[in-house]
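Let's take a walk through this protein model together, one stop at a time. Keep the 3D view open so that you can follow along.

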Amino acid sequence: MTVELRAVTQQRGPRQRGITLMGLLLWAIVIGFLALLALRVLPTVNEYLTIQKTINKIAAEGLSTVPEIRSAFEKQKDIEYSISSISGKDLEVTKENDQVVIRYAYNKEVEIMSPVFLLIKYQGSSRSK
């Protein structure tokens, strides 16, 4: 009986494994879309991180008035070419426990494909809670 089973399995041949052409195309489309999304979103993340670094630097300088803080942000914005979404007027400056806290929030629209946009809402402050 074992001889018959061996003969049957040998006649079918080895089982093929691999990816089909349609599966390969599907994965190529998914990976391509994710790469496009990453290329469009990464500059906005870079801008956000630059703004956060600038805000923390200004808060550490010990400036006390709102016009001084906004002016310092504008000067730093002239140095950092990647900051374009907000200006000194968009900063909210408050004082909490004798410490200056600078907050900001802004929206960034990223065009994915002509009628499709991705809306990213960024916000941050000079003091993490």
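Start with helix 2 (residues 21-61) and helix 3 in this predicted model: their axes come within 10 Å of each other and cross at roughly 135°. That angle is why helix 2 counts as oblique to helix 3. To be called roughly antiparallel, the pair would need an angle over 145 degrees. As for handedness, helix 2 passes helix 3 in a right-handed crossing.

So who's doing the touching here? On the helix 2 side you'll find T54, I55, K57, I58 and E61. Across from them, helix 3 brings I69, A72, F73 and Q76.

Let's zoom in on one of them, Q76. This residue sits in helix 3, which covers residues 66-79. Is Q76 buried or exposed? Its relative accessible area is 14%, and because buried means under 20%, Q76 counts as buried. Which residues does Q76 touch, if you skip those up to four places away in sequence? The answer is T54 and K57, and both of these belong to the helix 2 side of the helix contact.

Now move along to the strands. Strand 1 (92-96) and strand 2 (99-113) have a loop between them, and N97 lies in that loop. D98 has its place in the loop between strand 1 and strand 2 too. Most residues other than glycine have a negative phi. N97, though, has a positive phi of about 55° although it is not a glycine. D98 joins in: its phi is near 60°, again a positive value in a residue other than glycine.

Last stop: follow strand 2 onwards to strand 3 (residues 116-125). How do strand 2 and strand 3 pair? They do it in the antiparallel sense, over 10 bridges. Together the two strands form a hairpin, with 2 residues between them. If you'd like one spot to look for in this pairing, find E109, which stands opposite L119 in strand 3.

Conventions:
Residues numbered from 1 in each chain as written. Predicted model: local features only at pLDDT ≥ 70, side-chain atom pairs only at ≥ 80, totals over all residues. Heavy atoms only, no water. Helix = DSSP H or I, 4+ residues; strand = E, 2+ residues; numbered from the N terminus. Buried < 20%, exposed > 50% of the residue type's maximum accessible area, 1.4 Å probe, protein only. Contact = heavy atoms within 4.5 Å. Axes fitted to C-alpha atoms, helices over the stretch in contact; angles between N-to-C directions. Parallel < 35°, antiparallel > 145°, perpendicular 65-115°, else oblique. Left-handed = near helix turned anticlockwise from the far one by under 90°. Pairing = 2+ DSSP bridges.
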